[in-house]
Amino acid sequence: MTRRLGVYPGSFNPPTIGHLAIARAAMVQRGLDQVDLVVSRVALGKELPAVPAFEDRMSVLEASVADIDGLEVVVTELQLLVDIAQGYDVVVMGADKWAQVQDPAFYGDSVEARDQAVKALLRLDLAIAPRPPFQVLSGAELDIEPEMIAVSSSGARQGRLEWMTPAARAFDDATGAWSKPDP
């Protein structure tokens, strides 16, 4: 029997209850045996955060998924989603990430490179979570709980600490990594 694998690329800085809800929904709705939460060592289009350290972020992410069957953490040197998606059956993302995938700026301003990447991604099964005001590709919709739609790492860093996973919240309580990142 062939295992169906999903990939959910992101920075997960910090990991949120929304990330976990999206990953679980993708597993159920797309019949996946495993979803890999894949983190690029250097995220495309994002500044490298000084705090918390990359190793600490990965430890928190691993602790966040430790008790959830079928969720794994993978680190990669790759940056483009189309490259990260190689070898997977389903690509999981938010509608905001889908909008980013279509932006030529992430391909050296090459419309041709963007079009090739989008074409390759469209050959895969996409599972796209809603993120207003961004559009979800028809047929790729991922149904998640309405209260999870607004949950984001940015919001968690801006004070919505209840959006962090319990492991992220415990790390933040101990270190202030996200709620008080400046010494």
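Is D109 buried or exposed, and what is its relative accessible area?

Modeller: D109 is exposed, with a relative accessible area of 60%. The cut-offs are under 20% for buried and over 50% for exposed, with partly exposed in between, using a 1.4 Å probe and protein chains only.

Some ground rules come before the rest. This is a predicted model, so local features need pLDDT of at least 70 and side-chain atom pairs count only at pLDDT 80 or more, while totals for chains, interfaces and linings use all residues. Residues are numbered from 1 along each chain as its sequence is written, and side-chain values use heavy atoms, with hydrogens and water left out.

Back to D109. It sits in the loop between α4 (95-101) and α5 (111-122). Helices here are DSSP runs of H or I with at least four residues, strands are runs of E with at least two, and both are numbered from the N terminus. The backbone of D109 has a positive phi, near 65°, in a residue other than glycine. Most residues other than glycine have a negative phi, and most peptide bonds are trans.

F12 also has a positive phi, about 50°, and it is not a glycine. F12 lies in the loop between β1 and α1. In contrast to exposed D109, F12 is buried at 2% relative accessibility. Its ring pairs with that of Y8. The geometry is edge-to-face, with 5.3 Å centre to centre and 85° between the planes. Rings of Phe, Tyr and Trp (its six-membered ring) pair if their centres lie within 6.5 Å; planes under 30 degrees apart are stacked, over 60 edge-to-face, and the rest tilted. Y8 is buried too, at 6% relative accessibility. The whole structure holds 2 aromatic pairs.

The loop that holds F12 also holds P14, between β1 (5-9) and α1 (17-29). A cis peptide bond joins N13 to P14, with omega about 5°. Another cis bond links P132 and P133, with omega about 10°. P133 is in the loop between β5 and α6.

S152 belongs to that loop as well, which runs between β5 (125-129) and α6 (153-157). S152 is buried, with a relative accessible area of 18%. Leaving aside residues up to four places away in sequence, S152 touches T16, R131 and W163. Contact here means heavy atoms within 4.5 Å.

Next, the charged pairs. The structure holds 6 salt bridges. Each is a side-chain nitrogen of Lys or Arg within 4 Å of a carboxyl oxygen of Asp or Glu.

Start with R114 and D115. Their closest N and O atoms are 2.7 Å apart. R114 is buried at 18% relative accessible area, whereas D115 is partly exposed at 39%.

R160 and E162 come next. Their side chains meet at 2.5 Å, N to O. R160 is partly exposed at 39% relative accessibility. E162, at 43%, is partly exposed as well.

Then R169 and D173. This salt bridge spans 3.4 Å, N to O. The two residues are 4 apart in helix α7 (residues 166-175), so about one helical turn separates them. R169 is partly exposed at 32% relative accessible area, while D173 is exposed at 55%. Elsewhere, salt bridges that share partners join R4, R30 and D125 into one network.

Helix α7 also packs against a partner. Two packed helices are described by the angle between their axes and the distance between the axes. For α2 (residues 54-65) and α7, the angle is about 140° and the axes are 7 Å apart. Axes are lines fitted to C-alpha atoms, for helices over the stretch in contact, and angles run from 0 to 180 degrees between N-to-C directions. That makes α2 oblique to α7. Under 35 degrees would be roughly parallel, over 145 roughly antiparallel, 65 to 115 roughly perpendicular, and the rest is oblique.

On the α2 side, the contact uses D56, V60, A63 and S64; α7 supplies A167, A168 and F171. By class, that gives 5 nonpolar, 1 polar and 1 charged residues. Nonpolar covers Ala, Val, Leu, Ile, Met, Phe, Trp, Tyr, Cys and Pro; charged covers Asp, Glu, Lys and Arg; the others, Gly among them, are polar.
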